[in-house]
Amino acid sequence: MKYIFSGNDKIGDIVVRLPKASEVFKTLQIDFCCGGNRPLIEAIKEQGLDENTVLSKLQGAYNEIKDLKSGEIDFAQRSFSDLIDHVVNTHHAYLNQELPKLSELTKKIYRVHGEGHNELATVYKLFHTLKMELEEHLMKEEEIVFPLIKEYEENATLETLEKALKTIKELESEHEGAGDILKELRKITNNYEVPEDGCQSYTLTFKGLELLESDIFQHIHLENNIMFPRLEALRK
């Protein structure tokens, strides 16, 4: 069977061309944000997956979208300003709302269940490290990087572009750090599996952390695989 994608395609490029592929990759635990710049076959081998099975799932997602004539937003065609406004109004707003809630929840289940579940101490520590880093990251994006990109879009000078690209390198490094923490959280919680003695707060915490992971991965994908490469291409 001939597939629309191959193992040689970069993971991030696949999600750019087919946003629904992010759902497939999430199910298979394939990193499409921080690890988006590597060939799909590397992730397939790393996860011990069957290449044909993965490509078949991607083909199915492609066919589904094609058949439904999906109206999903094609972010690759949006202006920088539109992309930035979407990231701020959707993903930054989500983090500003959810991070304080999850801070209280992780603290609560650690106090109540920590004695019987030693891993909750690590969950608490990892989450609050992530929270602190994300809050600094959002501030840097909103106050420094995004204004530079919008300024470049209005008045395309090489000086402004170089300033933006220099700071983007820092953001990409921070994205990688956030991705590593999220992977560690998923690992230590056994894919956010709530134990039998877990209370409602336990369930809310793990569900919230899993949704946070999903939102952050989409956030990073839009920047690492769409916005930043387009800026890099302008320099060339």
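**Helix packing and an aromatic pair in the predicted model**

Helix H5 crosses helix H8 in a left-handed sense. The contact between H5 and H8 comprises 22 nonpolar, 10 polar and 4 charged residues. The model is predicted. Two packed helices are described by the angle between their axes and the distance between the axes. For H5 (residues 80-113) and H8 (residues 200-235), the angle is about 150° and the axes lie 9 Å apart. H5 is therefore roughly antiparallel to H8, since angles over 145 degrees fall in that class.

The UniProt record, an unreviewed entry, assigns the feature "domain: Hemerythrin-like" to residues 85-231.

Helix H7 covers residues 158-188, 31 residues in total. From first to last C-alpha, H7 reaches 45 Å. That span is close to the 45 Å expected at 1.5 Å a residue. Asn190 follows H7 and has a positive phi, near 55°.

Aromatic pairs number 4 in the structure. One of them joins Phe32 and Phe217 in an edge-to-face arrangement. The ring centres of Phe32 and Phe217 are 6.0 Å apart, with 80° between the planes. This pair links distant parts of the chain. Phe32 sits in the loop between helix H2 (21-28) and helix H3 (40-47). Phe217 belongs to helix H8, and 185 residues separate the two.

Note on methods. Residues numbered from 1 in each chain as written. Predicted model: local features only at pLDDT ≥ 70, side-chain atom pairs only at ≥ 80, totals over all residues. Heavy atoms only, no water. Axes fitted to C-alpha atoms, helices over the stretch in contact; angles between N-to-C directions. Helix = DSSP H or I, 4+ residues; strand = E, 2+ residues; numbered from the N terminus. Parallel < 35°, antiparallel > 145°, perpendicular 65-115°, else oblique. Left-handed = near helix turned anticlockwise from the far one by under 90°. Nonpolar A, V, L, I, M, F, W, Y, C, P; charged D, E, K, R; others polar. UniProt positions renumbered as here; feature names shortened; annotations may be inferred. Expected span 1.5 Å × (residues − 1). Phe/Tyr/Trp six-rings, centres within 6.5 Å; stacked < 30°, edge-to-face > 60°.
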